[in-house]
Amino acid sequence: ENPLLNPQKCNAWVTEIAARHDADYTFGGYLEDRSNLWRGHYLPEGAQQHLGIDYNVPAGTRVSLLTDGEVMHIGRDGSFGGWGGVLVFRLNKAPYKGADYLYYGHLAWDDTVKVGQKLKAGAFVGRVGEPHQNGVWFPHIHVQLVSERQMKLANGDPEAVDGYMPPPVPREDFPDPHDYVLGKF
């Protein structure tokens, strides 16, 4: 059994690594191969290429919108390995590196925002969720950019777009969100 699939054990491991390096948070990278890290999870072998960036922060951490956008979808996927509380925003600016949508996954379930709401950069949109709200993961926020093409391939269902896929990843459909998160867009 993989101990990292236990949210409490994984959180203790991540917290210990951050403390050892005197870091406020740690993160999991874009296009990281997580086939060993999440072995035994729901994903089929070879389909564990990570499409976003995970920021490992405590449950309850406030989350703000990175840029102007409209709330397109609010989800509450409580399944093991699911999105948990997920917010999907349609970006108001021209597509960023081909992406029209911004995903925040593994959030708490609350009613901070409403579908159709137009928000400005910096607006408070939610909090990082506890395992029972975030898809049974250790506390973190998943940030992912998604193209209109991928949304159409998912028949317009934002929760049909996953945070993982087998390589090769079409980077034009899932661009690296790093510069976006840092505000260099």
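## Strand pairing around β5

In this predicted model, strands β5 (residues 69-77) and β6 (residues 84-91) pair in the antiparallel sense through eight bridges. Asp 77 is placed opposite Gly 84 of β6. The hairpin of β5 and β6 has six residues between the strands, and Gly 81 adopts a positive phi near 85° there.

β5 also pairs with strand β8 (residues 118-119), again in the antiparallel sense, over two bridges. Here Gly 69 has Leu 119 of β8 as its bridge partner.

## Nonpolar cores

The largest nonpolar core holds 37 residues, and Leu 119 is one of those that touch the most other members, as are Phe 89 and Val 125. At least two residues of this core come from each of β3 (53-56), β6, β7 (101-107) and β10 (141-146). Beyond its neighbours within four places in sequence, Leu 119 is in contact with residues including Leu 65, Val 71, Phe 89 and Val 125. A second, separate core has nine residues, among them Leu 4, Val 14, Leu 43 and Phe 138.

## Salt bridges

There are nine salt bridges in the structure. One joins the side chains of Arg 34 and Asp 54 at 2.8 Å, N to O. Arg 34 lies in the loop between β1 (26-28) and β2 (49-50), and Asp 54 lies in strand β3, 20 residues apart. Arg 34 is buried at 3% relative accessible area, and Asp 54 is buried at 4%.

Lys 118 and Glu 70 form another salt bridge, at 3.6 Å, N to O. Lys 118 belongs to β8 and Glu 70 to β5, so the pair ties together parts 48 residues apart in sequence. Lys 118 is exposed at 61% relative accessibility, whereas Glu 70 is partly exposed at 25%.

Note on methods:
Residues are numbered from 1 along each chain as its sequence is written. This is a predicted model: local features need pLDDT of at least 70, side-chain atom pairs count only at pLDDT 80 or more; totals for chains, interfaces and linings use all residues. Side-chain values use heavy atoms; hydrogens and water are left out. Two strands pair if DSSP finds at least two bridges between them. Helices (H or I, at least four residues) and strands (E, at least two) are DSSP runs, numbered from the N terminus. A nonpolar core is a set of buried Ala, Val, Leu, Ile, Met, Phe, Trp, Tyr and Cys residues joined through side-chain atoms within 4.5 Å. Buried means under 20% relative accessible area, exposed over 50%, partly exposed in between (1.4 Å probe, protein chains only). Contact means heavy atoms within 4.5 Å. A salt bridge is a side-chain nitrogen of Lys or Arg within 4 Å of a carboxyl oxygen of Asp or Glu.
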